[in-house]
Amino acid sequence: YIGDEWQVSDKINLTLGIRADIPIFSEDPVANPAVFDAYGVKTNQTPSGNIHWSPRFGFNIDMTEEWGGQIRGGSGIFTGRVPMVWMSNQYGNTGMTQAEFSGYGSWEFLTDPNNQHEVTGFYDPTINLADESFMFPQVWRSNIAIDKELPFGFTGTLEFIYTKNVNEIKYQNLNLKEYAKNPKDGRPIYGVTYSDGYVSTRFLNRDFYHVIYLTNASQGYSYSLSLQLQKELKGGGLINMSYTNGTAKDTNSGNSSQAISNWGYRVHTGDPNNATMETSDWEIKHRIAFAIVKKFRWIKNSPTVFSLFYEGRSGRPFSYIYNNDYNGDKYYNDSIYVPIDENDIVLLDNSWAQLDKYISDDPNLDKYRGQIAPRNVGRDPWFHKVDFRIAQEVAIPGLDGHSIEISFSIENLMNLFNK
């Protein structure tokens, strides 16, 4: 990292910098020639040595004399903590070190690894591959904020943050073969799901099972607008109040350490190999926070501190999916089609009135009648939490400036009063 600070004038300060992150893999995975012949991608290639450049700048304009505040902001590219576990999948799933076999019938479990059943027939290893030019997640983030002194000793802050995904993850199953379209909603079909739950998937190559390929996309974004009020209390302590409104969209929220899970459990409305940009798993639409900390000096050199913190946030998003493998890709990851009326769906127990009421009671679902519901269209109820803490400093006799602290905390205080 190289950075510099430039004092343009008495009121304007600039900070400039550039950072480089270089993930390096000292060894390559095992080569599997059969995979390369089938898909044109090597199992022993890694994105080693790809440089992740992150330039950035920040500014601060002092407006204390003009209207008692400052304007600050900045923009730059940021690389998060590198999730190397995503690469470990490729080392363990080359098709050369382990394999999977699925079969039906009576099988005796043998504990001796050197005396196992002889297996013939369907051989279906799961393969993990990575784009040689793959880049770990990076975002371009910009912010602008105003801090201003307000009456009664308060300081107010208004801040806007915009984030654009430069490199986000994209997983594809190279072994999927579309053989039909669903006549109702037009989504692709990759296999047949039978009444007993068994799924017959039409793979491109029957020598392999799932072949998961990791590459990049750059569609996602997020933004937030925050308002904060804070005040320092006489004698020690503070009051802090804030509200944040946010939106977050992505194609894959990347909430698993396994490649097959990041692909297979991502809810889809169409082609699972070309995920559309929809509400992120991590979106928090509204967040309210309040904190008060007060210090009391009842004992000389041994202050007592009381802290109370409240957080309220809108519920996390969730998806409505079928309780089966609707498109035949061997995963329960298919978003539902929302029926228009009773003529638009076949129900076995004649319960349309109940289903219709459920849909109508959820405005986010009701507006998608006649369509496939997007990922994360639902919302959990609001979340509320209050935490309480008491901390007591105790001066150590004979050691000036040294003390120990004894604290007592209650997390989720309201749960004590929940009957």
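Modeller: Helices (H or I, at least four residues) and strands (E, at least two) are DSSP runs here, numbered from the N terminus. This is a predicted model, so local features need pLDDT of at least 70 and side-chain atom pairs count only at pLDDT 80 or more, while totals for chains, interfaces and linings use all residues. Residues are numbered from 1 along each chain as its sequence is written, and side-chain values use heavy atoms, with hydrogens and water left out.

Colleague: What makes a space a cavity, and what makes it a pocket?

Modeller: On a 1 Å grid over the protein atoms alone, a cavity is a set of points where a 1.4 Å probe fits but cannot get out; a pocket is an open set with protein on both sides within 12 Å along at least five of seven lines. Lining residues have an atom within 4 Å of a point. By this rule there is one cavity of 30 Å³ or more, and the largest cavity has a volume of about 50 Å³.

Colleague: Which elements each supply at least two residues of that cavity's lining?

Modeller: Helix H3 (85-92), strand S5 (127-130) and strand S12 (211-217). H3 has the largest share, four residues.

Notes: Points joined across faces, edges and corners; volume = space filled by probe spheres on them.
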